[in-house]
Amino acid sequence: MLEALQFEFMRNALLAGLLASIMCGVIGTFVVVNRIVFISGGIAHAAYGGIGLAFFFGFSYLMGILGFSLLVAAIMAAVSLKTRQRADTIIGVLWAVGMALGVILLDLTPGYNVDLMSYLFGSILTVPTSDLWLMLIIDGLVVLTVSYFYHDLVSLSYDEEFAQVRGVPTKILYFLLMAMIALSVVMVIQVVGLILVIALLTIPPYISEKFSGSLLEMMFYSVMLNVFFTTVGLWFSYTFNLTSGASIIMVAATCFFISILLERLWPKRRRRLGNSIPPIRAGK
Amino acid sequence: MVSSPVIEVHGLWFSFNGNPVLEDVNLTIHPRDFLAVIGPNGGGKTTLLKLMLGLLEPDRGTVRVFGHSPREAAGSIGYVPQEIGINKGFPISVRDVVLMGRMRGGGGWRRFSGPDKIAARQALERVEMWEYRKRRIGELSGGQRQRVFMARALVGEPKILFLDEPTASVDQKGQTDFYALLKELNENVTVIVVSHDLMVLSSYIKSVACVSQQVFFHDAPEITKDMLEMAYHCPVELIAHGVPHRVLPKHSGE
């Protein structure tokens, strides 16, 4: 692995993995605790429509994905706020329509010869330095936004109604969260591709949630796990000449199953405090 | 009335998916009232509460809290939602849950100040949960969690306290303690509680609102036969003071 670092593409790949890890660890934490994994999947896949648009009209694919996934995220946020019962169906439809649109637009694009697989499964080994800068900027923006609204986002995630009663602008924050998911999707498509984004968003927070005392800790552990997954995945990819995105996901998935196994072996420490509840005394 | 009302509801109508839930509700709640909101399931009790909290918008009519919209009055409202055990896996400590009650909305780098933390401690001590402050909220029992939610409502020093089925997951002893605390708070705070347990409630409340699409307000701590019949649309019999009602056999045939 060390000798691989002499190649610029390898250094870039590791940096891209690191930057994507920060993004996915932070945003994935909110995705998991808010149970919006399905919406995130929808945004990630519908983003393919943005790739189609970009190629068809000949603008930068990043702009295409960014614009389109932000639009899809806004629609999905609106739908899930408005009609909660049927939201999953509509999200599923948008998910499929976005992908279909992308495929058809690419069919219609003359002389199209871009490797479709690289968008579906990522191409971390070909991340140019200019993209790293963009990723760094997006990371910075997201970290700043999340730290500014941290307590609001926590209260929205834990108890939306209570937050609303306390005057937290929950609807605006929900849209903001969706926009940040869209941004993370755009970023991570480079690293693991849009099919596999969901793994980096969900697996580390799922594992971290069990031993974290706060969302901040959960984000921290998730970022660390993501760094571990992307680095080890890259090493497998380099050593055994495997597709990088899929290798990263397999490392993450292995840890995911190990964590579930460990949870089974070590039963929860819950219930230990049991019935020793002190009574409330009035007149204190 | 000497003092101006805490809550005024005027000609309020609310429907959900085209089905009327509340019709022409008029309700005036005065300071230091202890109001029990009762009624059949699906009668609109929780909906009425959420309208007064500003969580729902009425189709018609107005809700005024201290003469303002519920949203503007947010600072003087305390809310204890129903404990239905959602989000148990959420990584958050008891203390952080209580601090949420000090939220003032709208971002900020440093949210919780020294006074916030002191208030959180006092609120937790008041419900005897301070020693659990570092626990994850999901590790507590339903009754303990309910007390933490109580502390979260109290930490904002509310002038009105809304409670939705606050003792649903609390045992008999816990319920009595809980209502004793409410009674004590009621010396300064208006309390509005949605509940089934009329038995426990009857010794604390000052007025009753029966909700069953319409709202019947009774400015006395007793539940009359007329109210129950109007609210439940069935012939009832009051067995003893505080006992809700018994449906007479002649009505039970379907």
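1. Residues 24 or more positions apart account for 62% of those contacts in chain B that have a separation of 6 or more, a contact being heavy atoms within 4.5 Å. The model is predicted, and local features need pLDDT of at least 70, side-chain atom pairs count only at pLDDT 80 or more, and totals for chains, interfaces and linings use all residues. Residues are numbered from 1 along each chain as its sequence is written, chains are lettered from A and ligands numbered from 1 in the order in which they are written, and side-chain values use heavy atoms, with hydrogens and water left out.

2. Chain B has eight helices and eleven strands. Helices (H or I, at least four residues) and strands (E, at least two) are DSSP runs, numbered from the N terminus. Of the 254 residues of this chain, 56% count as buried; buried means under 20% relative accessible area, exposed over 50%, and partly exposed in between, with a 1.4 Å probe and protein chains only.

3. The contact between the chains takes 53 residues from chain B and 43 residues from chain A. Together the two chains bury about 4400 Å², 55% of it on carbon and sulfur atoms. Buried area here is the accessible area (1.4 Å probe) that two parts lose on being put together, summed over both.

4. Between chain B and chain A, ten residue pairs are in polar contact, both residues at pLDDT 80 or more. A polar contact is a pair of N or O atoms within 3.5 Å; within protein, one must be able to donate a hydrogen and the other to accept it, and residues adjacent in sequence count only if both atoms are side-chain atoms. On the side of chain B that touches chain A, the elements giving two or more residues are α1 (45-53), β5 (77-80), α3 (114-126), α4 (142-154) and α5 (172-185) of chain B. The largest share of that side, six residues, comes from α5(B). Its residues divide into 23 nonpolar, 14 polar and 16 charged, where Ala, Val, Leu, Ile, Met, Phe, Trp, Tyr, Cys and Pro count as nonpolar, Asp, Glu, Lys and Arg as charged, and the others, Gly among them, as polar.

5. Over all chains, the whole structure holds eight salt bridges, each being a side-chain nitrogen of Lys or Arg within 4 Å of a carboxyl oxygen of Asp or Glu. Two salt bridges are found across the interface of chain B and chain A. Lys50(B) pairs with Glu161(A) in a salt bridge whose closest N and O atoms are 2.9 Å apart. Asp159(A) and Arg152(B) also meet through their side chains in a salt bridge (3.0 Å, N to O). That pair crosses between chains, from the loop between α7 (150-158) and α8 (160-165) of chain A, which holds Asp159(A), to helix α4 of chain B, which holds Arg152(B). Both Asp159(A) and Arg152(B) are buried.

6. Within chain A, the side chains of Glu263(A) and Lys210(A) form a salt bridge (3.7 Å, N to O). Glu263(A) lies in helix α12 (residues 244-265) and Lys210(A) in the loop between α10 (197-209) and α11 of chain A, so the pair ties together parts that are 53 residues apart in sequence. Glu263(A) is partly exposed at 26% relative accessibility, and Lys210(A) is partly exposed at 29%.

7. Within chain B, Arg126(B) forms a salt bridge with Glu184(B), the closest N and O atoms being 2.5 Å apart. Arg126(B) is in helix α3 and Glu184(B) in helix α5 of chain B, so this pair ties together parts that are 58 residues apart in sequence. Arg126(B) counts as partly exposed at 29% relative accessibility, whereas Glu184(B) counts as buried at 15%. Salt bridges that share partners also join Arg102(B), Asp116(B) and Glu157(B) into one network.

8. The largest nonpolar core has 164 residues, of which Ile27(A), Ile7(B), Met52(B), Met150(B), Phe162(B), Leu182(B) and Ile192(B) touch the most other members. Helix α9 (residues 170-192) of chain A gives the most to this core, with 15 residues. A nonpolar core is a set of buried Ala, Val, Leu, Ile, Met, Phe, Trp, Tyr and Cys residues joined through side-chain atoms within 4.5 Å. Apart from neighbours within four places in sequence, Ile27(A) is in contact with Val142(A), Val146(A), Met180(A), Ile181(A), Ser184(A) and Leu201(A).

9. Ser222(A) is located in helix α11 (residues 215-240) of chain A and is buried, with a relative accessible area of 0%. Its side chain reaches the backbone oxygen of Met218(A) at 2.6 Å. Not counting residues up to four places away in sequence, Ser222(A) touches Gly25(A), Thr29(A), Pro204(A), Pro205(A) and Ser208(A).
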